[in-house]
Every structure is written in C-alpha cells, then in structure tokens.
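The entries follow in the order in which I made them.

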Amino acid sequence: MFKKRIWKIIRETKVIEEFVGLFILVFVFSYIFFRIEPTIETYGDGIWYSFALVTTTGFGDYVVVTPLGRILSIILGFYGIFIIAIVTSVIVNFYQQKIKDESK
C-alpha cells in the first residue's frame, strides 16, 4: 500500500525527472572520479564514493585529493542535498493539497 502511494505521488508530481538527473550525474561523476583520482581505483569505487557523497553518509573509505575532484564533490554533494529537499517538499505539498481538496 505504501509503495503504491509513493509511486503515485512520484508519477503525479513528475519528480522522477530529478531522480533520473541524479542517477545520470552520479554515474558520470563516478567515471570522472575513477579517471582522475588516485585513491579511487575502480569505477565501482567511484560509484561507491558518489553514493556516499549524495546520501551524505560519508563513510570516509575514499577521499578525493585533486582540485577537480574536490570541486565535483562539492557540486554532487549540493545536488544530492537539493534533490532530497525537493522530493521531501513535493511529497509534503502533495499531501497538503490532497487534504485541502478533501476538506472542500
């Protein structure tokens, strides 16, 4: 029931576009990190680093050391924070609108 409700919200609000953009950015940046960072030895390590960065988990097992890697990490980190904020606000607004419509 919960999954169906969330999927309906995602479809109706078209927030899926933000998720797709996030996934594309994660995979592209992961490849860049793999190519330019000496501490990230495989593409999988780049994906892991990007995932930890976007989710703000920050495990610390991989660290970027190049200036470009640090700049890209800042961009990806901000983008992840913004996506979480956008998705949360879209879901809250959806429910508020639904409650408002039902009370009329």
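I began with the rule for elements: helices (H or I, at least four residues) and strands (E, at least two) are DSSP runs, numbered from the N terminus. By that rule I found four helices and zero strands in the protein chain, in the pattern α-α-α-α along the sequence.

I noted that this is a predicted model, in which local features need pLDDT of at least 70 and side-chain atom pairs count only at pLDDT 80 or more, while totals for chains, interfaces and linings use all residues. Residues are numbered from 1 along each chain as its sequence is written, and side-chain values use heavy atoms, with hydrogens and water left out.

Next I looked up the overall extent, and the C-alpha trace of the protein chain spans about 60 × 20 × 20 Å along its principal axes.

How do α3 and helix α4 (residues 67-103) cross? Their axes, which are lines fitted to C-alpha atoms over the stretch in contact, with angles from 0 to 180 degrees between N-to-C directions, come within 8 Å and cross at roughly 50°. I therefore wrote down α3 and α4 as oblique to each other, since angles under 35 degrees count as roughly parallel, over 145 as roughly antiparallel, 65 to 115 as roughly perpendicular and the rest as oblique.

Which residues meet there? Taking contact as heavy atoms within 4.5 Å, I listed Tyr 49, Ser 50, Leu 53 and Val 54 from α3 against Ser 73, Leu 76, Gly 77 and Gly 80 from α4. I sorted this contact into four nonpolar, four polar and no charged residues, where Ala, Val, Leu, Ile, Met, Phe, Trp, Tyr, Cys and Pro count as nonpolar, Asp, Glu, Lys and Arg as charged, and the others, Gly among them, as polar.
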